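Could you give me a quick read of this protein's fold and what holds its inside together?

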Amino acid sequence: MQSTVPGETDDRNSRIENAVAAVKAGDKQSYEIIIKQFQRQIYTYCFYILKNHTETEDAVQDIFIRAYANLHRYGSSTSFSAWLYKIAYHHLINLKKKQSRWLRLVEHFKESQQQQQLQVLPAESVTSELLTYLTAEERHILLLKAVEQYTFDEISGIMGLKASTVRKKYERLRRKLLERVSHKEGARMHGTISGANKTS
């Protein structure tokens, strides 16, 4: 989970647990507290997987609806955040199974990067570019570990994989990304050197 100021995490978790208890007791309005707390995080997570704002908005709405409908199944044995991300993960997996055009979307995204400037911060643009070289499963692991900062045990619960398997896959995708970054840097330096040779 995201790092916070000491003491802030406990207060946040307490607010969420109180809101969950209130909703279970019949106070539907308290669900707004949960939505406001997690909407931005879930949107970011979904967008990095779906690469489409409209599909992401629909997915986020569906995820919160599913969470609300299954709230009675939530228990305090795990954090509400991890429970919500598990719902999000499985929903996205089901979406990708239904979208046979996934590969064409990836190719379109790569091409569109060269044709238009995405309205995101430079760091986010780099992240988006690197994510296109990962499989869907690898994207989930990277986002849950590096962005949301879940432990391997928590990711194991979310994705239904063994913690040791998640760790191995994470190390593998890290090497994959480092190799890609190294390759891009090498190509950039080669281009610079070639350009310098031409002007000499």
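Here's a quick tour, from the overall fold down to a couple of residues.

Keep in mind that this is a predicted model. The protein has nine helices and zero strands, so along the sequence the pattern simply reads α-α-α-α-α-α-α-α-α. Of its 200 residues, 34% count as buried. The protein exposes about 12,400 Å², with carbon and sulfur atoms supplying 51% of that. Looking at contacts between residues at least 6 apart in sequence, 62% join residues at least 24 apart.

Now for the inside. The largest nonpolar core has 45 residues, and I42 and F80 have the most contacts inside it.

| Helix | Residues |
|---|---|
| α1 | 8-24 |

The largest share, ten residues, comes from α2. As for I42, leaving out residues up to four places away in sequence, I42 touches V60, I63, F64, L84, Y85 and A88. In soluble globular proteins, nonpolar side chains tend to be buried together.

What about R12, buried or exposed? R12 sits in helix α1 and counts as buried because its relative accessibility is 12%, under the 20% cut-off. Its side chain makes a polar contact with the side chain of Q41, at 3.3 Å. Leaving out residues up to four places away in sequence, R12 touches Q37, F38 and Q41.

Conventions:
Residues are numbered from 1 along each chain as its sequence is written. This is a predicted model: local features need pLDDT of at least 70, side-chain atom pairs count only at pLDDT 80 or more; totals for chains, interfaces and linings use all residues. Side-chain values use heavy atoms; hydrogens and water are left out. Helices (H or I, at least four residues) and strands (E, at least two) are DSSP runs, numbered from the N terminus. Buried means under 20% relative accessible area, exposed over 50%, partly exposed in between (1.4 Å probe, protein chains only). Contact means heavy atoms within 4.5 Å. Accessible areas come from the Shrake-Rupley method with a 1.4 Å probe; for residues, only the protein chains shown count as cover. A polar contact is a pair of N or O atoms within 3.5 Å; within protein, one must be able to donate a hydrogen and the other to accept it, and residues adjacent in sequence count only if both atoms are side-chain atoms. A nonpolar core is a set of buried Ala, Val, Leu, Ile, Met, Phe, Trp, Tyr and Cys residues joined through side-chain atoms within 4.5 Å.
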